[in-house]
Amino acid sequence: MAYTYQARAELRPRELDGISEKQIQQHWTLYEGYVKNVNELNKRLSEHIQKGDFSPEYAELKRRLGFEYNGMILHEHYFAALKPGQAPANDGSRLDRLLKQSFGGFEEWRKEFTAIGKMRGIGWAILYLDPAHEALSNHWVTLHEDGHPAGFTPLLVMDVWEHAYMVDWGATGRPDYITAFLKNVDWRKVEQNLEAALKAV
Ligand SMILES: [Fe+2]
């Protein structure tokens, strides 16, 4: 038996600035596909386990867990942090302080995060908290599963697969999309992610 996941409808962003409803709709459908695939994968794995069948077929299904699970979870982080018209991180907030400590300030963080988002290839730019050291760092994650620092908590997740911006900006539109993404970040949500992660240590 495995847990059955549901798409988290409460996270669906609305009325974003520079990211259209049509773009979000297509992207959301892809996210629902990951949820479906996670459930299907778990079902098939559980059938193998019940039969005591740990054959190469089981191994190949197991290898896909990282891709499907992270595809689901990263999209949830991505959608959850998008809300139009939000003010930047508050001066003096813990997030603001940690951005200064780890990057020199918000602007320095933004420049590196943007540069990571523009890296060639498909993947994700992610701002993480290292809870053990209360340090922040930006990372590139290839596909959905390669490059996550173990034990770190994602605070802000930006999808830079082409499907995230093709509808609005076309194949060469990644820089414009990144600008639009950053305009819509819900910094209160990022602060909440930080506080929850620190509380859980
Ligand atoms: Fe995506």
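This is a predicted model: local features need pLDDT of at least 70, side-chain atom pairs count only at pLDDT 80 or more; totals for chains, interfaces and linings use all residues.
Q: Is asparagine 184 buried or exposed?
A: Leaving aside its neighbours within four places in sequence, asparagine 184 is in contact with Leu16, Asp17, Ile19, Ala81, Leu82, Lys83 and Pro84. Its relative accessible area is 0%, and because a residue under 20% counts as buried, asparagine 184 is classed as buried.

Q: How far apart are the end C-alpha atoms of helix α3?
A: Helix α3 covers residues 65–80, which makes 16 residues. The expected span is 1.5 Å times one less than the number of residues, so α3 should span 22 Å. The separation of its end C-alpha atoms in the model agrees with that expectation, at 22 Å.

Q: Which elements do the buried residues of α3 pack against?
A: Among the buried residues of α3 are Leu65, Phe67, Met72, Leu74, Tyr78 and Phe79, and the polar residues Glu68, Asn70, His75 and Glu76 are buried in this helix as well. The elements that the buried residues of α3 pack against are α1 (21–51), α2 (56–63), β1 (123–130), β3 (153–159) and α7 (174–183).

Q: What area is buried between domain 1 and domain 2?
A: The protein is divided into domain 1 (19–80) and domain 2 (94–199), and 22 Å separate their centres, taken over C-alpha atoms. In the interface, 17 residues of domain 1 are in contact with 22 residues of domain 2. Carbon and sulfur atoms give 66% of the area buried between the two domains, and that area is about 1700 Å².

Q: Which three residues supply 36% of the area that domain 1 buries against domain 2?
A: The area buried between domain 1 and domain 2 is about 1700 Å². Of the part that domain 1 buries, three residues supply 36%, more than any other three, and they are Gln23, Leu74 and Tyr78.

Q: Which element gives the most residues to the side of domain 1 that touches domain 2?
A: Between the two domains the count of salt bridges is zero, whereas ten residue pairs are found in polar contact across the interface. On the side of domain 1 that touches domain 2, the elements giving two or more residues are α1 and α3. With nine residues, the element that gives the most is α3.

Q: Is proline 131 buried or exposed?
A: Proline 131 has its place in the loop between β1 and β2 (135–142), and, leaving aside its neighbours within four places in sequence, this residue is in contact with Gly151, Phe152, Thr153 and Val201. Its relative accessible area is 17%, and because the cut-off is under 20%, proline 131 is classed as buried.

Q: What is phi of glutamate 134, a residue other than glycine?
A: Glutamate 134 sits in the loop between β1 and β2, where this residue is partly exposed, with a relative accessible area of 32%. Its phi has a positive value, near 50 degrees.

Terms used
Residues are numbered from 1 along each chain as its sequence is written. Side-chain values use heavy atoms; hydrogens and water are left out. Helices (H or I, at least four residues) and strands (E, at least two) are DSSP runs, numbered from the N terminus. Buried means under 20% relative accessible area, exposed over 50%, partly exposed in between (1.4 Å probe, protein chains only). Contact means heavy atoms within 4.5 Å. Domain bounds come from an automatic or database domain assignment. Buried area is the accessible area (1.4 Å probe) that two parts lose on being put together, summed over both. A salt bridge is a side-chain nitrogen of Lys or Arg within 4 Å of a carboxyl oxygen of Asp or Glu. A polar contact is a pair of N or O atoms within 3.5 Å; within protein, one must be able to donate a hydrogen and the other to accept it, and residues adjacent in sequence count only if both atoms are side-chain atoms.
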